[in-house]
Amino acid sequence: MRRKVVVATAENGDTGDKLDQLLLSSAICNGEDLSPFIRKAFASGKPETLLHHLRHFGRSKESEIEEVCKVHYQDFIMAVDDLRSLLSGVESLKSSISNSNYQLQSVAGPLLTSLDSFIEARNKCQNITLAIESLRICVRLMELCSRVNFHLSKNNFYMALKCIDSIERDFIHKTSSSTLRRMLEKKIPAIRAHIERRISKEFGDWLVEIRTVSRNLGQVAIGQASAGRQREEELRIRQRQAEEQSRLSLRDAVYALEEEDDDGYFTGNEGNDFYGNGGNANSTLGFDLTPLYRSYHIHQTLGLEDGFKKYYFENRKLQLTSDFQVSSMTPFLESHQTFFAQIAGFFIVEDRVLRTGGGLITKMEVENLWDTAVSKMCSVLEDQFSRMRTANHLLLIKDYVSLLGVTLRRYGYSVDALLDVLNKHRDKYHELLLSDCQKQIAEALAADKFEQMWMNKEYEYSMNVLSFQIQTSDIVPAFPYIAPFSSTVPDCCRIVRSFIEDSVSFMSHGGQLDFFDVVKKYLDRLLTEVLDDGLLKLISTSISGVNQAMVVAANMAVLERACDFFFRHAAKLSGVPLRVQILPGQVLKRVLQDVLSHISETIVNFLVGESVKRFSLNAVMGIDVDIKLLESFAENQAPLVSEEEAIQLKKALVEARQLVNLLLSNNPENFLNPVIRERSYNALDYKKVAIISEKLKDPSERLFGTFGSRGYKQNPKKKSLDSLIKRLKDVN
């Protein structure tokens, strides 16, 4: 950058031209714009003056240029000399380099040839290695493709999918064949879609098949409940006979607890549940869930687990809705068994799926389906009962529904709403039954010939006299025997006895333990409103002579004597033990307390014993139901003993009750808390709790329980139970 020239102030009155010349020189030296000077020169009409000043400035600079040249001339001459000497050195260097290059070319030529051969050989080797690796990948790929085809031909879809996953993960991106890669990219989705279609078809076929299986399953399960009920009835009959014999012989009654495992109760086989509802507890209840679990597993592998769960639930819900349809073309009396068996089988299947399906369906979903089913069944029963005009028809349906309740209660389903519907219609049933008996008694009285009854054989005497306990002496009379009453008496007694049995049959198995008062109420109505009114009507309309009046009077006396038998018979069938009725209150309390304590100890010791290897939560729930029935029985003894003593009877079951509460608790580990243990589990023994807790089977351990369980989080209750077991072992 050039130094800016500062113009000195004109002194001693320099002329204007001199000043202009100085200003122009200063502007040129400073590189300033000259347009103001030019404009001023032309404006003043003196351009020559400007040219003069410019020429003067040029002449003044020529001397400076000459001075600079003189100063640098010697340096220029020296630089030229140096350049000439450098040119001579370059020529000698060029010659040396040329000689060196010739020698290098002569030496490196063979080496370069060898290097070219080496590079070519190495490239060939690399190409061959790459080709071998590509062939190896292709061979492995073809092997996997062949295995996929083999598994597909054998319908082994899971292994086919695993092979496809291996192809995608390990080989498809490594293959050098673009044609093969494009083919695989096209075929793999098609194979997955094919597998999904095939497995969906299998699942669809299973859905169709399971409906028939469910109906048969429900019929078999309800049949087993019926057989179990029959065995219980036979056991009660034997017990009544023993009580009666003991009462008549004035000997103490002998009470015994009989163990039966015919229907699956308390079996000790490993892998089976209590109450016969285990994974394979009864071969007659076997049904195949393999297609379902296979389909679920394949959909999990395909990444479609949530969609399949929703699809399964919606289809089963539609099936259940279809099962609710009641045909208007077939009388409900003929179709009710199929209707209820279908629903029972449906929920037996769902219980198994819930326990072994690996999360295919949730407990909440099953409970929602059950609530819907209960609501529909109650609606159907209400509608059908309202139309019925025959007591026997109502009784048949009631018996089957109660068997349905027994069956499904074993699987943990609540049937209280169904039992409530049955209890709600007990008045209607008894009104219909009274109406039927009124017609039968009226027909029997109308057919009376007012003649004393002849009996020629002992079986006739037993059938017409002893069976109703209307004999006047324990000595069997000689035959032929002429009874003091007419044939109307045993006919009416049979009608009354049938009424009692039908009434008890309706009231039994309805969830109500003490129903004798109800039976007695309707028996009173039958005797007073029906039989008594019928006899009075007969006396007022049909008696025409003294002989007839005497026969009717004898009949009424015998029937009055038979009333004691009727009430005893009703009490016996209602489960009111005659032997206990005559025991003093304190003796009764002691006997019942010992029996209940023995039952409680038997339950706990049985679970501790070696005969039980494993048991499930459903078994505990079943025991809970039984203990509740026993507790209810104890509470119902308040009329026979004091209320405080009834509470003491209930406490006789405390060990079994506390054990069941602990096993059903969501936090079993609280047993180790001294405060909670003293308040809720003070009757339990450490060692027994440890042994029983280890036998409680986790639902995930069942058959197929591992399907879909990858990433499965442990149940907090199971975790708490495991912690309890570990700490109890440490304590022991």
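Begin at Arg136, which is partly exposed at a relative accessible area of 40%. This is a predicted model. Select Glu133 next. Glu133 is also partly exposed, with a relative accessible area of 32%. Glu133 and Arg136 form a salt bridge, with their closest N and O atoms 2.5 Å apart. Both residues sit in helix H3, 3 residues apart, or about one turn of the helix. An α-helix has 3.6 residues a turn, so residues three or four places apart point the same way.

**Along helix H3**

Stay in H3, which covers residues 47-153, and select Leu86. Is Leu86 buried or exposed? Leu86 counts as exposed because its relative accessibility is 53%. Together with Leu86, they make a nonpolar surface patch of about 380 Å².

**The whole chain**

Zoom out. The protein chain has 24 helices and 2 strands. Of its 732 residues, 37% are buried. The chain exposes about 41800 Å², and carbon and sulfur atoms supply 55% of that area. Take the contacts between residues at least 6 apart in sequence: 77% of them join residues at least 24 apart.

Colour by pLDDT. The average for the chain is 78, and 84% of the residues score at least 70. Residues 248-284 fall below 50, yet this stretch has 78 contacts in the model beyond near neighbours in sequence. Residues 1-13 stay under 50 too, with 11 contacts beyond four places in sequence. Where pLDDT is low, the predicted coordinates should not be read in detail.

Select Thr212 in helix H5, residues 178-249. Thr212 is partly exposed, at 37% relative accessible area. Then pick Gln342. Their C-alpha atoms are 8.2 Å apart, although 130 residues separate Thr212 and Gln342 along the chain.

Go to helix H8, residues 332-356, and select Arg355 and Asp351. Their side chains meet in a salt bridge of 2.8 Å, N to O. Arg355 and Asp351 are 4 residues apart in H8, so about one helical turn separates them. Both Arg355 and Asp351 are buried.

Next is Ser402, in helix H10, residues 391-409. Ser402 counts as buried because its relative accessibility is 1%. What lies 2.6 Å from a polar atom of the Ser402 side chain? Show the backbone oxygen of Asp399: that is the atom at this distance.

Jump to Leu630 in helix H19, residues 617-635. Leu630 is partly exposed, with a relative accessible area of 22%. Beyond residues up to four places away in sequence, Leu630 touches Leu596, Ile599 and Leu653.

Move on to helix H21, residues 654-664. Here 8 of the 11 residues are buried, so H21 is largely enclosed by the rest of the structure. Among the buried ones are Ala656, Gln658, Leu659 and Val660.

Select Glu655 and Lys688. Their side chains meet in a salt bridge of 3.7 Å, N to O. This pair links distant parts of the chain: Glu655 is in H21, and Lys688 is 33 residues away in helix H23, residues 686-695. Glu655 is buried, at 15% relative accessible area, whereas Lys688 is partly exposed, at 27%.

For a last stop, select Asp624, Lys628, Glu631 and Arg657. A network of salt bridges links these residues. The structure holds 20 salt bridges.

Key
Residues numbered from 1 in each chain as written. Predicted model: local features only at pLDDT ≥ 70, side-chain atom pairs only at ≥ 80, totals over all residues. Heavy atoms only, no water. pLDDT = per-residue confidence, 0-100. Contact = heavy atoms within 4.5 Å. Buried < 20%, exposed > 50% of the residue type's maximum accessible area, 1.4 Å probe, protein only. Polar contact = N/O pair within 3.5 Å; in protein donor to acceptor, adjacent residues only side chain to side chain. Patch = residues over 30% accessible without salt bridge, like charges linked within 9 Å, V, L, I, M, F, W, Y side chains within 5 Å. Areas by Shrake-Rupley, 256 points an atom, 1.4 Å probe, with all protein chains shown as cover. Salt bridge = Lys/Arg side-chain N within 4 Å of Asp/Glu carboxyl O.
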